[in-house]
Amino acid sequence: VISFLMAKWFSPISPDLKTLADQGKIFTREHDKNLLSLLHTEEFIDKESQVIHLDASLEQLLALIKSSRKNVFAVIDSQGILAGVLTMDDMRSFLFDKNTDQATRVRNIMKIPQATVRPDQEMQQVVKIFDEANIWQLPVVDEQERFLGFISKSTILTHYRELLKQYSE
């Protein structure tokens, strides 16, 4: 009885179930972790994300913006490797400044992404990256740093809320 109580005091989960709980195969009292383990990063990648080449001109960028409904763009090189990102906030000053040199290239106004995500990363890690970087869109890259798409914090939160509703009923 004493050994059982001591074990329970140090770990609320029995040693037999600890491995399964860590893998997210059974639910524990850590509700956030439990629900996030049900979400898979690769399912949330926006594969229709807009991309623009590193050496594109402002004119090409403007044409892309006119035809797009997105607020964030990936800047890639000729092999599809992610070089940077552009947001509407980043571009606004360049696009509406009449003194901007039209020869300016995308590479001169892009920003290096604060963080990237891999499609096989656990959702708990992805949410942590979102929180640390304090942004709403993260680029997803493969092992060779090729751009795959963006993942949105708001999409993850929407699905998380749906799961929370399901498991609360």
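Trainee: What makes Lys153 buried or exposed in this predicted model?
Mentor: Its relative accessible area is 15%. Buried means under 20%, so Lys153 is called buried.

Trainee: Which residue does Lys153 meet in a salt bridge, and how do you know that the term applies?
Mentor: Lys153 meets Asp131, with 3.2 Å from N to O. The cut-off is 4 Å between a side-chain nitrogen of Lys or Arg and a carboxyl oxygen of Asp or Glu, so the pair counts as a salt bridge. It links distant parts of the chain, with Lys153 in helix 7 (residues 153-168) and Asp131 in helix 6, 22 residues apart.

Trainee: Why is Asp131 called partly exposed?
Mentor: Its relative accessible area is 48%. The class lies between the buried limit of 20% and the exposed limit of 50%, so partly exposed is the label for Asp131.

Trainee: How are Lys111 and Asp90 classed by accessibility?
Mentor: Lys111 has a relative accessible area of 46% and is partly exposed. Asp90 has 14%, which is under 20%, so Asp90 is buried.

Trainee: What makes Arg118 and Glu145 a salt bridge?
Mentor: Their closest N and O atoms are 2.8 Å apart. This is within 4 Å, so the pair qualifies. Arg118 is in the loop between helix 5 and helix 6, Glu145 is in the loop between strand 5 and strand 6, and the two are 27 residues apart. Arg118, at 25% relative accessible area, is partly exposed, and Glu145, at 31%, is also partly exposed.

Trainee: How many salt bridges does a search of the whole structure find?
Mentor: There are 6, including the pair Arg118 and Glu145.

Trainee: Where does Glu145 take a positive phi?
Mentor: In the hairpin of strand 5 and strand 6, which has 5 residues between the strands; the phi of Glu145 is near 70°.

Trainee: How do you know that strand 5 and strand 6 pair?
Mentor: The definition asks for at least two bridges. Strand 5 and strand 6 (residues 147-152) have 5 and run antiparallel, so they count as paired. Leu138 stands opposite Ile151 in strand 6.

Trainee: What makes Glu42 buried or exposed?
Mentor: Its relative accessible area is 52%, and exposed means over 50%, so Glu42 is exposed. Glu42 lies in the loop between helix 3 (31-36) and strand 1 (45-46).

Trainee: Which residues form a negative surface patch, and why is the patch called negative?
Mentor: Glu42, Glu43, Asp120 and Glu143 form the patch. Asp and Glu count as negative, so the label follows.

Terms used
Residues are numbered from 1 along each chain as its sequence is written. This is a predicted model: local features need pLDDT of at least 70, side-chain atom pairs count only at pLDDT 80 or more; totals for chains, interfaces and linings use all residues. Side-chain values use heavy atoms; hydrogens and water are left out. Patches are made of residues with over 30% relative accessible area and no salt bridge: like charges are joined within 9 Å, nonpolar side chains (Val, Leu, Ile, Met, Phe, Trp, Tyr) within 5 Å. Accessible areas come from the Shrake-Rupley method with a 1.4 Å probe; for residues, only the protein chains shown count as cover. The place of a charge is taken as NZ of Lys, CZ of Arg, CG of Asp or CD of Glu. Helices (H or I, at least four residues) and strands (E, at least two) are DSSP runs, numbered from the N terminus. Buried means under 20% relative accessible area, exposed over 50%, partly exposed in between (1.4 Å probe, protein chains only).
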